[in-house]
Amino acid sequence: MILKKTAKAVDIAVFITARASVSPVTTEDIASGLSLSSSYTESILKDLREAGLIRAHRGPGGGYQIRGNPEDILLWDVVKHFEEVHSFDTLYPEVDHPMKGLEVAIQDQLRSLLQAQTLADVAVPIMPSGAKVTAMLGQFRLKPLPPPIMPKAPNSVFQLSMML
């Protein structure tokens, strides 16, 4: 059906779309947000970049963003770069083979479903980490904990003379 890499590519594209309104998303953010390894994430990002679906910004504040309007990018646009569209002629040489018709119908149904959804349809915007949402505090208004008290002691023998 769909390869694991294809599903993860869709997840990454949706994750970037959800975070793109805030700032470019780094590889580390994507990997930790989707519980993927950095190297696996980078390989999928490379494929998405080569497909022209995302763009990379280098340097401080850099990261990845969706190339173009997410409302114009179909989920099928992501999937078709990772999946092979089968003709099933070599597997089922007879024209009226029942399995050939079933396989073609499944493939066509999947394609039509993916062509009906855009990245913007499935991406839920993610709040920036610094934003405060007061409505979610509920009825318990707890005060923040005081900062921990750190002992003032030397870290090494060399700092001992400075403390005296």
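What share of the 164 residues in the protein do buried residues make up?

**View 1. The whole protein, as a predicted model.** Buried residues, meaning those under 20% relative accessible area with a 1.4 Å probe and only protein chains considered, make up 26% of the 164 residues. The protein has 7 helices and 2 strands, which follow the order α-α-α-β-β-α-α-α-α from the N terminus; helices (H or I, at least four residues) and strands (E, at least two) are DSSP runs, numbered from the N terminus. Because the model is predicted, local features need pLDDT of at least 70 and side-chain atom pairs count only at pLDDT 80 or more, whereas totals for chains, interfaces and linings use all residues. Residues are numbered from 1 along each chain as its sequence is written, and side-chain values use heavy atoms, with hydrogens and water left out.

**View 2. Helix α1 against helix α2.** Helix α1 (residues 4–19) packs on helix α2 (residues 27–34) at an angle of about 115 degrees, and their axes lie 11 Å apart; these axes are lines fitted to C-alpha atoms over the stretch in contact, and angles run from 0 to 180 degrees between N-to-C directions. On the α1 side the contact (heavy atoms within 4.5 Å) is made by Asp11, Ile12, Phe15, Ile16 and Arg19, and on the α2 side by Asp29, Ile30, Gly33 and Leu34.

**View 3. The largest nonpolar core.** This core, a set of buried Ala, Val, Leu, Ile, Met, Phe, Trp, Tyr and Cys residues joined through side-chain atoms within 4.5 Å, has 27 residues, and those with the most contacts inside it are Ile12, Ile16, Leu48 and Val78. Two or more residues come from each of α1, α3 (38–50), β2 (63–66) and α4 (75–79), and α1 gives the most, with 8 residues. In soluble globular proteins, nonpolar side chains tend to be buried together.

**View 4. Around Leu48.** Leaving aside residues up to four places away in sequence, Leu48 touches Ala9, Ile12, Leu53, Ile54, Val78 and Phe82.

**View 5. Thr6 in helix α1.** Thr6 counts as buried because its relative accessibility is 1%. Leaving aside residues up to four places away in sequence, Thr6 touches Val79, Phe82 and Glu83.

Definitions and conventions: Buried means under 20% relative accessible area, exposed over 50%, partly exposed in between (1.4 Å probe, protein chains only).
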